[in-house]
Amino acid sequence: MKTRLLVSAALLLAAQSHAADDPYLWLENIQGKDALRWVKQQNERTSKELESRKGFPALKRDILSVLDSSARIPAIEKIGDRYYNFWRDAAHPRGLWRSATLDEYRKADPAWETVLDLDKLARDEKENWVWQGADCVKPRQDRCLIRLSRGGGDAAVVREFDLPAKRFLADGFVVPEAKSEVNWADRDTLYVATDFGQGTLTDSGYPRIVKEWKRGQPLAAAPTLFEGKQTDISVSADGIDTAGHHYDVISQGTSFFTNDAYLKRDGKWLKLDKPGHVEASFHGAWLLLRPRQDWSVGGHDWKAGSLLAVKVDDYLQGKRDFAALFQPTASTSLGGSAGTRDALILTVLDNVKSRLVEWKVADGKWQSRPVAAPGYGSISVSAVDSDASDDYFFTFTDFLTPTSLSLAHAGSDAREPLKQQPAFFDAKPYRIQQFFARSEDGTRVPYFVVARKDLKLNGKNPTLLYGYGGFEVSLTPYYSGTLGKAWLERGGVYVLGNIRGGGEYGPAWHEAARKEHRQRAYDDFSSIAKDLARRGIADARHLGIKGGSNGGLLMGVMLTQYPQLFHAVVCQVPLLDMRRYNKLLAGASWMDEYGDPDKPADWAYIKRYSPYQNIRPGAKYPATLFATSTLDDRVHPGHARKMYAAMKEIGADVRYYERTEGGHGAAANHDEEARIAAMEYAFLWSQLR
């Protein structure tokens with residue numbers, strides 16, 4: 001006990017010493033007057049520089065024309081017997097929640113019925129509301145929980161909405177603003193995980209306690225259903241409806257990549273007998289298990305990234321004779337799954353290109369068939385109504401093929417085209433190629449190149465390389481009218497890197513660059529840059545890079561470790577001070593990805609790449625634009641603020657812009673989104689031509 005206290009005291013003193021040595025610690029005060037005054041000054045300087053560029057007005061106009069286009073595909077969700085969509089455009093910058101019948105949706109110009117006008121709601125309530133989604137309780141789906149964020153952060157107010165009456169219920173459920181997880185148990189009961197006061201949040205700032213809240217009962221009087229640990233990431237509970245079955249599940253996130261699950265059976269909560277790394281989900285009467293690590297169970301050795309099925313009742317009785325619905329290979333991984341009433345549709349990534357496999361149960365056994373689909377792009381599927389039909393939505397896209405939405409049916413390869421996004425740029429002059437770079441340890445790292453067919457391989461092509469490389473997130477081909485008009489049409493080359501740390505080849509690809517192996521992701525990205533130069537696509541003078549969040553950390557490492565390989569860096573909503581990241585907002589939840597900087601063994605490898613600690617006076621750094629958001633309540637804006645300030649102090653060519661609205665992902669409206677994107681492209685063009 002005494003030893004532990006001494007170690008804790010030593011760590012505390014070390015942390016305090018580090019903070020005292022940080023001259024820009026005051027910039028971590030998100031809403032501090034001095035900090036916001038400083039932000040305003042940097043924003044004005046950056047806006048003046050970039051908005052005065054010759055091409056800026058045209059860039060913003062082109063980007064906004066894509067964002068506000070009425071020809072975009074309205075994504076739909078079936079609720080009851082109608083199909084719902086949330087839509088933003090120039091006339092409705094905050095957005096409309098609206099509905100139509102499927103027959104109406106099939107028309108070129110559907111007649112939508114407005115359900116909720118968020119612009120009007122914001123005016124009436126004098127609030128800066130940003131839509132975060134709706135969840136309507138089955139089977140009637142006449143009551144919905146609507147999440148509204150003030151300004152676009154993760155924290156939201158949850159309010160009950162009467163769907164037939166198109167109004168919020170005056171005496172309905174309301175959960176105050178917080179990073180909550182609120183789900184239906186039934187029409188008159190909610191599972192609420194939120195900030196219930198002192199001691200009810202985890203170290204990561206997420207709910208530690210779940211309560212079961214009955215209609216008409218004060219939230220404070222709702223009984224506690226489950227309590228997690230202070231060191232957990234978060235806890236939540238949900239009522240899950242799938243293929244005619246209902247499951248109530250408590251999830252205890254013990255780390256970012258592990259969880260314990262509790263299933264309600266006959267009024268009792270039973271802990272599922274599974275390792276923490278095994279993800280559990282449901283499809284009808286079946287339990288689906290996906291191990292993140294190799295798993296020996298039931299006399300079999302299952303690879304990480306497999307998908308295994310077993311009857312729920314059989315599993316609870318101790319049976320472990322799984323049906324293997326997917327097993328990874330050297331080139332394949334499971335991209336996702338969607339369950340219809342009688343089928344399970346799997347999206348498989350094969351060298352980062354999508355294909356579909358359909359599974360059904362016949363005579364008690366799973367049987368599969370491949371689904372005919374385009375072969376060089378990204379496919380996503382979602383069930384229309386998993387309780388009532390085998391219909392599903394089929395979406396296809398690639399870098400040069402505008403996104404299409406079709407209605408498909410399990411058991412058939414036929415698809416009914418519903419919507420086709422227009423081409424925002426002429427794709428005929430371009431082609432998509434996939435190459436593989438060799439990383440420092442010999443690993444083949446794939447990347448896509450989108451460029452003109454007549455590209456001159458002289459190394460002088462303005463090229464933008466994008467990457468992420470973390471949290472098992474896969475980057476797959478996608479269509480972007482903004483990218484086409486702002487970059488490709490103006491003569492740019494676009495490159496998408498599939499570096500380790502992502503999920504393109506399943507959990508093993510992620511594990512290869514997690515914690516002490518993180519440097520591999522950075523070696524992979526730099527190897528792509530070198531391969532682009534070797535192929536004559538772009539030398540360092542003409543190569544720019546961009547990434548956000550964990551990809552922003554990637555940009556910071558490229559900036560400090562490999563400054564000679566790039567000429568321009570766009571670093572968005574980044575993590576950069578890895579000495580303090582776990583103390584800022586949701587940072588503690590990511591220690592399973594990066595390690596704990598308060599542990600000497602972990603800090604030993606983190607400090608070697610942490611960008612903020614590796615700024616070197618006298619080094620020649622590429623021109624850099626840091627972009628973040630005041631209201632980002634996930635990644636602290638202090639990371640970008642401090643990095644910019646420290647680099648500016650040593651005379652580096654840096655600029656800074658901080659959104660005052662919008663959260664971690666995007667601006668709160670299209671006009672601001674277009675403005676920021678135009679500044680980024682104006683910056684890149686000024687550096688790479």
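A crossing is left-handed if the near helix is turned anticlockwise from the far one by less than a right angle, and right-handed if clockwise. Helices (H or I, at least four residues) and strands (E, at least two) are DSSP runs, numbered from the N terminus.

I noted that this is a predicted model, where local features need pLDDT of at least 70, side-chain atom pairs count only at pLDDT 80 or more, and totals for chains, interfaces and linings use all residues. Residues are numbered from 1 along each chain as its sequence is written, and side-chain values use heavy atoms, with hydrogens and water left out.

**Helix pair.** I looked up helix 3 (residues 56-67) and helix 7 (residues 481-488): their axes come within 9 Å and cross at roughly 165°. Axes are lines fitted to C-alpha atoms, for helices over the stretch in contact, with angles from 0 to 180 degrees between N-to-C directions. The two helices are therefore roughly antiparallel (over 145 degrees), and their crossing is right-handed. In contact (heavy atoms within 4.5 Å) are, among them, Leu59 and Ile63 of helix 3 and Lys485 and Ala486 of helix 7.

Most residues other than glycine have a negative phi, and most peptide bonds are trans. I found a cis bond joining Lys138 and Pro139, with omega about 5°. Pro139 lies in the loop between strand 5 (129-136) and strand 6 (143-150).

Ala243 has a positive phi of about 45° and counts as buried at 14% relative accessibility (under 20% relative accessible area, 1.4 Å probe, protein chains only). For Phe471, phi is near 55°, and Phe471 is also buried, at 13%.

Technical notes
Angles under 35 degrees count as roughly parallel, over 145 as roughly antiparallel, 65 to 115 as roughly perpendicular and the rest as oblique. Buried means under 20% relative accessible area, exposed over 50%, partly exposed in between (1.4 Å probe, protein chains only).
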